[in-house]
Amino acid sequence: MATFKDFRNNIKPNWCPGCGDFSVQAAIQRACANVGYEPEQVAVVSGIGCSGRISGYINAYGFHSIHGRSLPVAQGLKLANRELAVIASGGDGDGFAIGMGHTVHAIRRNIDVTYIVMDNQIYGLTKGQTSPRSASGFKTKSTPTGSIETTLSPLEMALAAGATFVAQSFSTDLKQLTAVIEAGMNHKGFSLINVFSPCVTFNKVNTYEWFKERVVSTDSFDGYDASNKMMAMQKVLETDGMITGIVYQNKEKPSYEQQLPGFQEIGLAKQNITLTKDQFDKLVAEFN
Amino acid sequence: MISQLSWKIGGQQGEGLESTDRIFSTALNRLGYHLYGYRHFSSRIKGGHTNNKIRISTQPIRAISDNLDILVAFDQETIDLNHKELRNGGVVIADAKFDPKLPEGFPAKLYAVPFTAIAEELGTSLMKNMVAVGASTALLDLPVDIIKKVVEEEFGRKGQAVVDKNNAAIQKGFEYLLDISGGPSEEFKLEPGDGTTRLFIIGNEAIGLGAVAAGCRLMSAYPITPASEIMEYLIKKLPKLGGTVVQTEDEIAAVTMAIGANYGGVRTLTASAGPGLSLMMEAIGLSGMTETPVVIVDTMRGGPSTGLPTKQEQSDVNAAIYGTHGEIPKIVLFPSTIEECFYDSVEAFNLADQYQCPVILLTDLQLSLGKQTSEPLDFSRVTIDRGALALEVEPQPENQLFKRYAFSESGVSTRVFPGTKNGIFHSTGVEHDEQGRPSEATTNRKKMMDKRMRKMESVKVTNPIVAISKYDDADILFVGMGSTGGTIEEARKQFEADGLKTNQVMVRLIHPFPGAEVAAQLDKAKKVIVVENNATGQLADLITLHAGGREKIKRMLKYDGNPFLPNELYNDCKELI
């Protein structure tokens, strides 16, 4: 059986030293091993941005797509071969700005893809512009007098969009992060995992210390019930979105694939695609 | 007796003209006539004038006609808008309810038939369409029983009572017309059809059928006119074959989902029209760069922007060839017959897998939506070629990924599907090395760019052009693409009757352009007329760029939203030469 080391490759990430994304990389590797996958059974699809490079830093099939489009690529891949574990990943700009349309609809669609957002609340690769996750008043190269837009709350958004799995974690908490990714991978349906992953170079406000002072684990709430959507929404609001752990999970709702008529367990890519003459003749006869 | 005629039915959109047309033409197909339809419709659901025109012939036809023999009108507007199309001595069959009128002295007959009154008498005014079908059948002196049989198939599921009522409406309409016209006239009596029932199909369905035959099992698409029928066809078929259709949130999702699924190993289609193609441009580059096959159908309609969404145009040719930033290998096909829609759909999937690049299958609105009879589709011509593909892979050297992008003479490298043991590789839109790892090294960049583009040098398509090339010294060579083929052929025959020698070429492989093949045809003609539905002459430009002939090429362009008509084309070309 594969261990997390089998999910490592020899490529040195081009992330800045101290970047939160390193922990996300390690947590994905651990979660894959913990769930029991072999490297070739896993595919990591990513978008563009610092975090988008992650698909090249894990020993698995990796597809580094275009900005904001990791989710449709990942969903297409999952439908093509549902035997694969498909992880989609990218930054907050990738998922909540350019790719927001896909994020909302991937949530609604509920295809079994695990989506990990590395949320640093800034655009790093383009060297420091505001993101939908930036706080109001946040000064960046594109908001020199401070952002005047409302900060997006990904957890509220996901709950409102009908998510069946919503989690959040912080990149220094490797144990919790690994656990929520593992739970997301085991979840039958779409899982959104937002990870606070500080940018040590361009975000001098939302630092490791800043997060450390604010994150609140669901473990700290007495009787927290992640299957209770009302409670989930309430705690998200109470903690100003700083809640971590599995925030909400609906285990009852079947995934998209499970609801597709005629969709089989065996990966579509492995099925015979040749029609028989008889099948063809029947199709043609419908036009007579 | 006549060998061909044109029949048109018009009224308000949403009045059920479609089903009327369907029942009438299905019956004609059963009798062995060749049919070619044209839908005039607007971008709205209910209301507004709409009409369906159908040409009926004992010989193969691939064009609508300039004029009209019979106009069936459900309102005065239909007569006002369409009567000028009627030939001298043509007939209007109109609902007596609105007291139909033809302009004073107009040389056509008018039969007022109480469509609505007869239908209401039988239970519901909805059946006025069937009264009209019955009246039309009588005028053409066709066996009414065939129509009734089609009605039985169409409404059988709704119960015998519904079938009987509709057939009674048909019978009444039939009898009423015979009564007021004094029996069938030789002028409208069609020579019998050959009794062969053909496929009666629109281009979009032929493409969908081709996709199914080619092993396409997924489609991701966003609804748009005039492409939606492809997804509507496939959603009925793919679940029965283990696959599905996903209606995505937009065309960007449609194409990237298709790329993801193709990467996963399933032949996946997306289809759209110009606005969708524009949205797909960045992703088309991703397909080219990651060498992931994808088939994109673009059913061209009037552009630019929202343009003329329900009208004919062929103006996305340049966008299909050049669209996306940077330079990638890409193949663009454009069938010009209903049969080619099917075969080219199959070939598009093979080419995409063989050359591991995006393949754009162009059609135009008339080819996509014009319902017509098709010659039998030959299943033995359907082959599935997945290209260079490894289902099993040897273990890789330590710290090495599978060389998915191995440099090769042809530029094509062996593909593996995710899930394959020892086959792990990286795929990225970033420039990369043979294992797919990002690389900015200059030597690698040049080699990798050359490798990808080299694939275009070997693209083999069975018939890059379809030529009717009878003469080595033709007076005129007509060149076209898509649905203009049949119209060009009829105009050309008129020139032949005038004593001119004419050849014809339909360009099927738009990119990489078959310059040598077209040049050889240019050499055999004194003059060249390039016929296309756009304002700038995109095909003519391609010809001059790749095949020369600038001095003898004339452009015949039409971009008012309507297809070319045979006589119109003949007359306009006469002026041009």
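Predicted model: local features only at pLDDT ≥ 70, side-chain atom pairs only at ≥ 80, totals over all residues.

A: Arg87(B) and Glu187(B) join their side chains in a salt bridge, with N and O 3.3 Å apart. The two ends come from distant parts of the chain, 100 residues apart: Arg87(B) belongs to strand 5 (residues 86–95) of chain B, while Glu187(B) sits in the loop between helix 6 (160–181) and strand 7 (199–201) of chain B. A salt bridge here is a side-chain nitrogen of Lys or Arg within 4 Å of a carboxyl oxygen of Asp or Glu. Helices (H or I, at least four residues) and strands (E, at least two) are DSSP runs, numbered from the N terminus. Side chains of opposite charge can pair when their charged atoms come close. Over all chains, the search of the whole structure finds 43 salt bridges.

Residues are numbered from 1 along each chain as its sequence is written, chains are lettered from A and ligands numbered from 1 in the order in which they are written, and side-chain values use heavy atoms, leaving out hydrogens and water.

Now let us step back to chain B. Its domain assignment gives domain 1 (4–197), domain 2 (201–381) and domain 3 (465–576); such bounds come from an automatic or database domain assignment. The C-alpha centres of domain 2 and domain 3 of chain B are 26 Å apart. Where these two domains of chain B meet, 24 residues of domain 2 are in contact with 23 residues of domain 3, contact meaning heavy atoms within 4.5 Å. Together domain 2 and domain 3 of chain B bury about 2000 Å², 54% of it on carbon and sulfur atoms. Gln312(B), Gln314(B) and Phe334(B) supply 28% of the area that domain 2 of chain B buries against domain 3 of chain B, more than any other three residues. Buried area is the accessible area (1.4 Å probe) that two parts lose on being put together, summed over both.

Between domain 2 and domain 3 of chain B the count is two salt bridges. Asp344(B) and Arg508(B) also meet in a salt bridge, at 2.5 Å from N to O. Across the interface of domain 2 and domain 3 of chain B there are 15 residue pairs in polar contact (both at pLDDT 80 or more). On the side of domain 2 of chain B that touches domain 3 of chain B, the elements giving two or more residues are helix 11 (317–322), strand 12 (331–333), helix 12 (338–355) and helix 13 (365–369) of chain B. Helix 11 of chain B gives the most to that side, with four residues. A polar contact is a pair of N or O atoms within 3.5 Å; within protein, one must be able to donate a hydrogen and the other to accept it, and residues adjacent in sequence count only if both atoms are side-chain atoms.

Chain B also meets chain A. In that meeting, 50 residues of chain A are in contact with 68 residues of chain B. Chain A and chain B bury about 4800 Å² between them, 67% of it on carbon and sulfur atoms. Tyr61(A), Ile273(A) and Phe287(A) supply 17% of the area that chain A buries against chain B, more than any other three residues. The count between chain A and chain B is three salt bridges. Glu249(B) and Arg109(A) form a salt bridge, their closest N and O atoms 2.6 Å apart. Strands take part as well: strand 2 (61–64) of chain A runs parallel to strand 15 (residues 426–428) of chain B, and three bridges join them. Phe63(A) has Ser427(B) as its bridge partner in strand 15 of chain B. Two strands pair if DSSP finds at least two bridges between them.

Finally, two peptide bonds of chain B deserve a look. Thr225(B) and Pro226(B) are joined by a cis peptide bond, with omega about 0°, and Pro226(B) is in the loop between strand 8 (218–221) and helix 8 (228–237) of chain B. The bond from His511(B) to Pro512(B) is cis as well, with omega near -5°. Most residues other than glycine have a negative phi, and most peptide bonds are trans.
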